[in-house]
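Welcome! Open the structure in your viewer, keep the selection tool at hand, and follow along stop by stop.

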Amino acid sequence: MTIRTVFVHAGSETLSPGRGPAAYAVGLAHSFDAHLEALILELDMTTPRSGHGRKILQEARAHFQEQNKGAAQAANAVRAAAQKKGVKAEVITERSHLHSTPEIAADHARLADLVVAGVCNQGMLSERLVAESLVFQSGRPVIVVPDDHETGYRAASVVVAWDFSRVAARALSDALPILQRASKVKLVTFGDDKSFASSVTMEQVLSALRNRGVEAESDQLNRGNHTIGDAINSAVEIANADLLVMGGFGHSRFRDFVLGGATRSVLTAPAVPTLLSH
């Protein structure tokens, strides 16, 4: 099990080749000698039927054209950053007007081994909305990266939020190529958050990881009066972790996502790059 293809969605308005999700994806692809596919789309609107709507569209498109002037420069910046690292990269800029950006991103992400996305809410398109779609619609593990993250890809110390659930097991499996290279892996549980209805013990989990080439330790903590998101972030800070791994809780009803507390917290403001699996 390894990582051969990395996909990244980067908003053209907020992209910086030296930090955030774009830089992280380039570094990740370089580390695993993987192919990089970057999606950097200009923004546009579909044509409404009413005359009043078309007038509004014309005004909006003029604004979009002004904002989209940097899209080509952003694409070239990613190509240059990848070339500098010796990473083979393909940058996709064409837009299908039959689908929205989140749908286009999910379509392309399904062909990758690992996905990288930002969570910035600035600009005309919410990167968090795209990241949310990628987590729940792509079927692939997604690493969400803070917009101001400046250290690139690094995963020497990894914290795994573990609760014996299906999504936690999926995240642990999806993260194996990264965990096998890490110097320190810690599985963290919160005993006062929920009861763990499992017939396996933590030692059996750690043994299963050892059989897969991962030496890990565990720590059971108490959440106390903190939210689960804050409690996990505190564990990450104490461990001085480079990466958090966790399952993404949520379901979709009429395409409106209802997120679990920890997932909502991570998608709003991740403390460190976080691998989410659903």
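Which residue in S8 does Lys-186 stand opposite? Select Lys-186 and look across to S8: the residue facing it is Glu-217. Keep in mind as you go that this is a predicted model.

**Stop one: strand S7**

Now select residues 184-190, which make up strand S7. Six of its seven residues are buried, so the strand is largely enclosed by the rest of the structure.

Strand S8, residues 216-221, runs parallel to S7, and six bridges join the two. Strand S6, residues 157-161, also pairs with S7 in the parallel sense, over five bridges. To see one of these contacts, pick Val-158 and find its bridge partner in S7, Val-185.

**Stop two: the aromatic rings**

Clear the selection and show the aromatic side chains. There are three aromatic pairs to find. For one of them, select Tyr-24 and Tyr-153: their ring centres are 5.5 Å apart and their planes stand at 80°, so this pair is edge-to-face. Tyr-24 belongs to helix H1 (residues 20-31), while Tyr-153 sits in the loop between strand S5 (142-145) and S6, so the pair ties together parts that are 129 residues apart in sequence. Are these two tyrosines, Tyr-24 and Tyr-153, buried or exposed? Both are buried.

**Last stop: a charge over a ring**

Stay with Phe-32 and select Arg-181 as well. Arg-181 lies over the face of the Phe-32 ring, 3.9 Å from the ring centre.

Notes: Residues are numbered from 1 along each chain as its sequence is written. This is a predicted model: local features need pLDDT of at least 70, side-chain atom pairs count only at pLDDT 80 or more; totals for chains, interfaces and linings use all residues. Side-chain values use heavy atoms; hydrogens and water are left out. Buried means under 20% relative accessible area, exposed over 50%, partly exposed in between (1.4 Å probe, protein chains only). Helices (H or I, at least four residues) and strands (E, at least two) are DSSP runs, numbered from the N terminus. Two strands pair if DSSP finds at least two bridges between them. Rings of Phe, Tyr and Trp (its six-membered ring) pair if their centres lie within 6.5 Å; planes under 30 degrees apart count as stacked, over 60 as edge-to-face and the rest as tilted. A charge sits over a ring if NZ of Lys or CZ of Arg is within 6 Å of the ring centre and within 35 degrees of the ring normal.
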